[in-house]
Amino acid sequence: MADTTRNVIIIGSGPAGYTAGLYSARALLEPLMFAGYMSGGQLMLTSDVENFPGYPQGIGGPEMMVEMREQAERFGLEVQDRNVEKVDFSSKPYGVWVEGEEYRAESIIICTGAESIWLGVEGEEAQKGRGISTCATCDGAFFREEEVIVVGGGDSAMEEATFLTRFAKKVTIVHRRDVFRASKVMYERAANHPKIEIKTFRSVKSWLSDESGLTGATLEDPRDGSTENIDCTGAFIAIGHKPITRFLEGQVETDESGYIIHKENTMTSIDGVFAAGDVVDTRYRQAITAAGMGCQAAIDAEKWLESQH
Ligand SMILES: Cc1cc2nc3c(=O)[nH]c(=O)nc-3n(C[C@H](O)[C@H](O)[C@H](O)COP(=O)(O)OP(=O)(O)OC[C@H]3O[C@@H](n4cnc5c(N)ncnc54)[C@H](O)[C@@H]3O)c2cc1C
């Protein structure tokens with residue numbers, strides 16, 4: 001066991017984690033961060049970020065995350081690039097286990113994000129964050145006057161498709177059934193849009209690309225296995241997100257999908273345990289909102305610690 005009890009341990013190193021780290025370091029709480037298996041978080045997967053204020057020319061996702069880390073470290077954030085395996089919030093100070101080693105802290109800030117669910121089909125890995133995205137708000141503007149497809153049949157797919165009509169010449173929604181989980185109003189808004197075509201009974205079998213990037217997809221009809229090729233230079237997968245909360249093993253209250261629930265400001269169901277960013281956010285899922293919540297969580301943790309002494 002590490003010999004000192006920390007004021008605060010931050011779990012996760014995306015925009016929420018680094019902002020929480022920056023604020024708690026500047027508040028002289030000497031925070032310790034476990035950056036996790038994907039140091040820097042989801043923005044390590046994208047090339048250009050154009051919607052984070054302060055970068056008029058845009059900035060590469062990985063570059064932005066390196067700068068966030070440097071800024072927080074400058075004020076004393078200690079970062080370990082290791083994964084938290086389990087936690088114990090049943091007694092104070094709270095326990096955090098990393099590669100079998102035990103750490104204790106008075107307060108914890110959980111910033112472990114959410115994973116987009118990808119299709120996992122041939123050709124996807126090479127085009128992730130280039131032609132294939134899971135966030136229309138983030139990447140839609142890169143596809144002006146191009147043909148794009150949206151995969152999915154829920155509200156997110158309809159919303160992403162309708163949003164993309166602002167930029168794209170044509171948007172094709174690809175859905176493996178003819179029944180949609182989307183609400184009627186969202187479905188109809190998409191279905192009645194002149195730029196949107198809906199292809200039912202189609203799933204993506206593989207992505208097609210050349211040296212210029214994504215060029216299309218091979219679609220398969222699940223009823224008979226027949227295939228067709230469709231042209232597109234952009235694709236948006238909208239089949240859901242999974243919050244990364246498995247390692248918490250029921251230690252904090254979550255909703256039925258696993259998203260952590262805030263009880264008071266950014267505090268979870270456990271006193272002194274806070275959560276920020278995509279791990280609680282089923283709606284906005286942006287770097288700026290995650291960073292904003294990381295700031296809130298650090299301020300909440302600081303005030304809570306003060307109230308304990
Ligand atoms: C391809 C792509 C492009 C995007 N483009 C944009 C964009 O242009 N603009 C924008 O605003 N948003 C964009 N987003 C969304 C944005 O990346 C997220 O909203 C943001 O990163 C969420 O931040 P976060 O800090 O909550 O979590 P994340 O960035 O998801 O970070 C989670 C962190 O938790 C860590 N972690 C997980 N489990 C553990 C564990 N057990 N122990 C320790 N650490 C752990 C991971 O290593 C990671 O560091 C994009 C997302 C994707 C996937």
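Two strands pair if DSSP finds at least two bridges between them. Strand 10 and strand 17 (residues 234-237) run parallel and are joined by two bridges, so they meet that definition. The model is predicted.

- Five parallel strands make up an open sheet, in the order 10-17-11-12-13.
- Its edges are strand 10 (132-133) and strand 13 (196-199), and each of these pairs on one side only.
- Strands of a sheet pair through backbone hydrogen bonds, either parallel or antiparallel.
- Ile 132 has Ala 235 of strand 17 opposite it.

- Ile 196 belongs to strand 13.
- Its relative accessibility is 9%, so Ile 196 counts as buried; the cut-off for buried is under 20%.
- Leaving out residues up to four places away in sequence, Ile 196 touches Ala 161, Thr 162, Thr 165, Val 171, Ile 173 and Ala 190.
- Ile 196 and Glu 159 are 37 residues apart along the chain, and 12 Å separates their C-alpha atoms.

**Helix 7 and its cover**

- Helix 7 (residues 287-308) has 22 residues.
- At 1.5 Å a residue, helix 7 should span 32 Å; its end C-alpha atoms are 31 Å apart, so the two values agree.
- The buried residues of helix 7 include several alanines, among them Ala 287, Ala 290, Ala 291, Ala 297, Ala 298 and Ala 301.
- Met 293, Gly 294, Cys 295, Asp 300, Trp 304 and Leu 305 of helix 7 are also buried.
- The cover over these buried residues includes strand 1 (5-11), helix 1, helix 2 (61-74), strand 8 (101-110) and strand 19 (273-275).

**Thr 19, in helix 1**

- Thr 19 sits in helix 1 (residues 15-26).
- Thr 19 has 11% relative accessibility and therefore counts as buried.
- Beyond its neighbours within four places in sequence, Thr 19 is in contact with Ala 291, Gly 294 and Cys 295.

**Around the ligand**

- There are 34 residues around the ligand.
- Met 38, Gln 42, Asn 51, Asp 278 and Ala 287 come nearest.
- Ser 13 has a polar side-chain atom 2.9 Å from an oxygen atom of the ligand.
- Gln 286 places a polar side-chain atom 3.2 Å from an oxygen atom of the ligand.
- Arg 285 uses its backbone: an N or O atom there lies 3.1 Å from an oxygen atom of the ligand.

**Backbone details in loops**

- Most residues other than glycine have a negative phi, and most peptide bonds are trans.
- Lys 92 and Pro 93 are joined by a cis peptide bond, with omega about -10°.
- Pro 93 is in the loop between strand 6 (84-88) and strand 7 (94-98).
- Glu 99 is not a glycine, yet its phi is positive, near 45°.
- The loop between strand 7 and strand 8 holds Glu 99.
- Glu 99 counts as exposed because its relative accessibility is 54%.
- Asn 265 also has a positive phi, near 50°.
- Asn 265 lies in the loop between strand 18 (241-243) and strand 19.
- With 60% relative accessibility, Asn 265 counts as exposed.

Notes:
Residues are numbered from 1 along each chain as its sequence is written. This is a predicted model: local features need pLDDT of at least 70, side-chain atom pairs count only at pLDDT 80 or more; totals for chains, interfaces and linings use all residues. Side-chain values use heavy atoms; hydrogens and water are left out. Helices (H or I, at least four residues) and strands (E, at least two) are DSSP runs, numbered from the N terminus. Buried means under 20% relative accessible area, exposed over 50%, partly exposed in between (1.4 Å probe, protein chains only). Contact means heavy atoms within 4.5 Å. The expected span of a helix is 1.5 Å times one less than its number of residues. A residue is near a molecule or strand if one of its heavy atoms lies within 4 Å of it. A polar contact is a pair of N or O atoms within 3.5 Å; within protein, one must be able to donate a hydrogen and the other to accept it, and residues adjacent in sequence count only if both atoms are side-chain atoms.
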